[in-house]
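Me: Please take a close look at a single residue in this model for me. I'd like to hear where it sits and what surrounds it, and then how the rest of the chain is held together.

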Amino acid sequence: YSFMRRFLLLALTAGISIPIVACSPKKQTSLEPVVIETLINASESWNGDSFRYPTKGQAEMKLEKITAQPGFKTPLHLHPQPGIIYVQRGTLYCETSDGQSLAVGTGESFASSQDTIHYCENNGDAEMVVFVASAGSKGKKTTVTKE
């Protein structure tokens with residue numbers, strides 16, 4: 001009974017909070033007992049790529065948790081769809097093939113590049129944990145390697 005009561009209260013509170021967030025220019029909305037904080041709101045990537053959503057296939061949202069040890073480095077790759085990255089712990093460094101770079105630390109987020117070849121690495125001295133959300137097409141790769 002207590003679980004159902006808490007769940008109902010949370011559901012009702014979220015239902016009231018969502019319209020408030022949509023109309024509010026503030027980044028944080030508090031409606032006890034829920035606090036909603038917008039971590040990122042972007043219409044283009046950190047390096048200026050304009051977002052384009054897939055025009056073919058079934059749309060698919062994906063959320064991935066990536067844990068990487070110090071020194072880990074991705075191969076050169078690109079993302080054919082828009083995405084957002086949140087660094088929960090550690091340091092993430094990304095660099096595009098034309099030399100643009102970005103360093104992001106714990107608690108920070110950014111919009112990932114789209115169709116721009118780049119690599120990313122954990123250049124810190126501790127384990128890194130990042131969450132990657134992307135909007136792509138079902139059955140299509142969200143990361144395409146370009147060696």
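Reply: Ser134 belongs to strand 10, which covers residues 128-137. Strands here are DSSP runs of E with at least two residues, helices are runs of H or I with at least four, and both are numbered from the N terminus. Do keep in mind that this is a predicted model, in which local features need pLDDT of at least 70 and side-chain atom pairs count only at pLDDT 80 or more, while totals for chains, interfaces and linings use all residues. Residue numbers start from 1 along each chain as its sequence is written, and side-chain values rest on heavy atoms, without hydrogens and water.

Ser134 counts as buried because its relative accessibility is 5%; buried means under 20% relative accessible area, exposed means over 50%, and partly exposed is in between (1.4 Å probe, protein chains only). Leaving aside residues up to four places away in sequence, Ser134 touches Glu60, Met61, Lys62, Gln81, Pro82, Gly83 and Thr142, where a contact means heavy atoms within 4.5 Å.

Now for the wider chain. It has one helix and 11 strands, and from the N terminus the order is α-β-β-β-β-β-β-β-β-β-β-β. Among contacts with a separation of 6 or more, 75% join residues 24 or more positions apart. Of the 147 residues, 31% are buried.

One disulfide turns up in a search of the whole structure (cysteine sulfur atoms within 2.5 Å): Cys94 is joined to Cys120, with 2.2 Å from S to S. This link is right-handed, with 105 degrees about the S-S bond. Cys94 is in strand 6 (residues 91-96) and Cys120 in strand 9 (residues 118-121), so the pair ties together parts that are 26 residues apart in sequence. Cys94 is buried at 3% relative accessibility, and Cys120 is buried at 10%.

The other link is an aromatic pair. Rings of Phe, Tyr and Trp (its six-membered ring) pair if their centres lie within 6.5 Å, with planes under 30 degrees apart called stacked, over 60 edge-to-face and the rest tilted. By that rule the count is one: Tyr93 and Tyr119 are tilted, at 6.4 Å centre to centre and 55 degrees between the planes. Tyr93 lies in strand 6 and Tyr119 in strand 9, so this pair also ties together parts 26 residues apart in sequence. Both tyrosines, Tyr93 and Tyr119, are buried.
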